[in-house]
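Open the model in your viewer and keep the selection panel at hand. The tour has two stops.

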Amino acid sequence: MNFPCYMQAILEPEGTPDPMNAAKILVLNGPNLNMLGLREPEIYGRETLDDLNAKCVEKAAKLGLEADCRQSNIEGEMVTWIQGARTSHKGIILNAGAYTHTSVALHDALLASELPVIEVHLSNIFGRESFRHHSYISPIAAGVICGFGSLGYDLALEAMAKQVA
Ligand code: DQA
């Protein structure tokens, strides 16, 4: 917001993020992540996707970012959202679920977006079945965070704040 600078200092002490200028970050979750809380809780935890999204929105706001949280089970829809983000968003935090291990289409869409990408997984994919060890996202990601549950999204938002600063 624009106030005379003496008022600005009172209303918004230094370091207070201005939501009007917040960089928009697409926080995109892929297939089956709508089942969080119900699905294999011993691996993915008991938090629901709504819980996770609420935490992302709150964390992002503290960092001066706006988290635009979306989930889809449809690969093509994810491709379309990633393409759209090119002009409206400043970065992408992506948990592509099982598409991580299969999708050349997501890989290509992320490249086309020309945005910084941070790959997140709730579980440690390298400690699981060998088909989860390969990612089509990692080679084009600024970084990968896995194995820390929902904390991974917090860490990704912190890293993204530095990427878009
Ligand atoms: C996941 C790991 C993937 O291998 C799996 O298919 C998922 C979730 C994770 O967050 O740990 O759906 O991306």
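How far is an oxygen atom of the ligand from an N or O atom in the side chain of arginine 132? Select both: the distance is 2.9 Å, a polar contact (a pair of N or O atoms within 3.5 Å). The model is predicted, with local features needing pLDDT of at least 70 and side-chain atom pairs pLDDT 80 or more, while totals for chains, interfaces and linings use all residues. Residues are numbered from 1 along each chain as its sequence is written, and side-chain values use heavy atoms, without hydrogens and water.

Stay at the ligand and select arginine 39, where a side-chain N or O atom is 3.0 Å from a ligand oxygen. Next take leucine 122: here a backbone N or O atom lies 2.8 Å from an oxygen of the ligand. Of the 330 Å² of accessible area (Shrake-Rupley, 1.4 Å probe) that the ligand has on its own, the protein covers 99%.

Move to helices α4 (residues 75-88) and α5 (residues 104-113), which pack at about 10 degrees with axes 8 Å apart. Helices here are DSSP runs of H or I with at least four residues; axes are lines fitted to C-alpha atoms over the stretch in contact. Because angles under 35 degrees count as roughly parallel, α4 is roughly parallel to α5.

For the contact (heavy atoms within 4.5 Å), select Met78, Val79 and Ile82, among others in α4, and residues of α5 including Leu106, Ala109 and Leu110.

Definitions and conventions:
Axes fitted to C-alpha atoms, helices over the stretch in contact; angles between N-to-C directions. Helix = DSSP H or I, 4+ residues; strand = E, 2+ residues; numbered from the N terminus. Parallel < 35°, antiparallel > 145°, perpendicular 65-115°, else oblique. Polar contact = N/O pair within 3.5 Å; in protein donor to acceptor, adjacent residues only side chain to side chain.
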